[in-house]
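Reader: I would like to learn how to read the features of a model such as this one, going from single residues to helix pairs and then to the contacts between larger parts. Could you take me through it step by step?

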Amino acid sequence: MGPFIKKIRMLGKKNRGIDDSRKDNTTHSELTHKTVILNVYRANARKDDSPRYDTFEIPVQRWMTVLDALLFAKSYSDSSIGIRYSCRMASCGSCGMKINGIPRLACYTKISELSGGRTITCEPLSNFPLIRDLVTDFSQFFERHKEMAPFIRNDNANITDETMLSEFKQSPKDVDQYLQFSYCIKCGLCYSACPTVATDTRFPGPQALSQAYRYYADTRDNSSIQRLNIADDRHGIWRCHFAGSCSAVCPKGVDPALGIQLLRGHLMGFSRNEKKIAELRDPVSEQ
Amino acid sequence: MLKEGQIMKIHYITGIAALFVVAVHIIVRLITPSFSLSLVYENVIKNYHNTPYIILLESILILVAIHGFNGLRIILLELRQNKPWEDGVAIFTIAATIALIAYGTRTIIVASGLGLG
């Protein structure tokens, strides 16, 4: 099926896709003073259908996001559009997709901010296997994340005896070492933008490697050697070309490229490898 | 078996060192009189009988061979990912490095007259 245009003519009817408070009272002229053309990539990995782009004309309101536009098209034109979304506030990382060729969160991308005229093209994230339309398979991405052991490991902390549970002492300076990397929401945009992931299928990707640094730099963790060994693989941290596209697309301001370079510095021995380990509070005296 | 981090450390060190020795080599060639005659047979043989200069040439050979073939290994690793390919690439690049260094060293030894006993 070739591209087609579906005019949205539901504005005199229910308007639940835009603003519930204005339901049924919204006039056509209020919403259609400006419209955009939304090109949506359509394909199904389970079928042999050749991929195509469906085109929708969407009325635009101020502050409208690309996710709003997609949901409008899904509500009033084609309910079969495959999208994954949840929080609508850039917290869950579900709605990652390529918008006008750049990996972005649809809920965090305002239509007014996009350049390229009236046309918005939505495509699935690169470097992820496609499931359907804009929905991609994150299994491998999460597997890479798990390989980095993304949790605190400390032999000194007794977590089996409840009476011995305690907390670590960390100064604000200690927290600053890894804080920005802990803002990662695992949306996969950096993984999609990475040119090395595109060529090397065994490269862990910027998200996993920056998380390796995040736990390496955390003073509560004392398994630094194991962490460095995980990253120091034939297809590991050394395959990063430092293109920096991961940092450029991160919606949370994380700089994965920086994390990778810092971890490389530790592996090269340029940075101090004698890591300060956080002390545990005395569980008895603190109670 | 070297870890990837150790291999990359060698890669970076040989790269920086190669830059230095090649720069010295170019400077020596430029400041030497009769630059246009430097490829004349007698002058080449004369160069090979200059001990500091053959040490420089041998250094360039070793550094560039190690750095270059490891670079090729990295490129080929990104081309395809499976164990037979990766092992094959590693074996090929190590063998090629050794072969190039051996052949180049032989040339230096023969031209310098050190191998004549």
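Reader: Where is the place of B:Leu114 in chain B?

Author: Keep in mind that this is a predicted model. B:Leu114 sits in the segment that comes after H4 of chain B.

Reader: Turning to helix pairs, at what angle do the axes of H3 and H4 of chain B cross?

Author: One looks at how closely the axes approach, and then at the angle. The axes of H3 (residues 51–79) and H4 (residues 83–112) of chain B come within 9 Å and cross at roughly 165°. An angle over 145 degrees counts as roughly antiparallel, so H3(B) is roughly antiparallel to H4(B). The crossing of these two helices is right-handed, and their contact comprises 16 nonpolar, six polar and three charged residues.

Reader: How do the axes of H7 and H10 of chain A cross, and at what angle?

Author: The axes of H7 (residues 205–216) and H10 (residues 256–268) of chain A come within 8 Å, crossing at roughly 55°, and that angle makes H7(A) oblique to H10(A). H7(A) passes H10(A) in a left-handed crossing. Among the residues of H7(A) that meet H10(A) are A:Pro206, A:Leu209 and A:Tyr213, while the H10(A) side includes A:Ile260, A:Leu263 and A:His266. By class, the residues of this contact divide into 10 nonpolar, four polar and one charged.

Reader: What does the domain assignment of chain A give?

Author: Chain A has 10 helices and eight strands, and 37% of its 287 residues count as buried. Among the contacts in chain A with a separation of 6 or more, 68% are between residues 24 or more positions apart. The assignment gives domain 1 (5–136) and domain 2 (139–268), and 14 residues of domain 1 are in contact with 14 residues of domain 2. On the domain 1 side, strand E5 (residues 102–105) of chain A provides the largest share, four residues, and this side has eight nonpolar, five polar and one charged residues.

Reader: Finally, how many residues does the contact take from chain B and from chain A?

Author: Here one counts the residues on each side, and then asks which elements supply them. Chain B contributes nine residues and chain A 13 residues. On the side of chain B that touches chain A, helix H1 (4–31) and H3 each supply at least two residues, and H1(B) gives the most, with four residues. By class, this side of chain B divides into two nonpolar, two polar and five charged residues.

Definitions and conventions: Residues numbered from 1 in each chain as written. Chains lettered and ligands numbered in written order. Predicted model: local features only at pLDDT ≥ 70, side-chain atom pairs only at ≥ 80, totals over all residues. Axes fitted to C-alpha atoms, helices over the stretch in contact; angles between N-to-C directions. Parallel < 35°, antiparallel > 145°, perpendicular 65-115°, else oblique. Left-handed = near helix turned anticlockwise from the far one by under 90°. Nonpolar A, V, L, I, M, F, W, Y, C, P; charged D, E, K, R; others polar. Contact = placed C-beta atoms within 7 Å. Domains from an automatic or database assignment. Buried ≥ 20, exposed ≤ 12 C-beta atoms within 10 Å, placed from the backbone.
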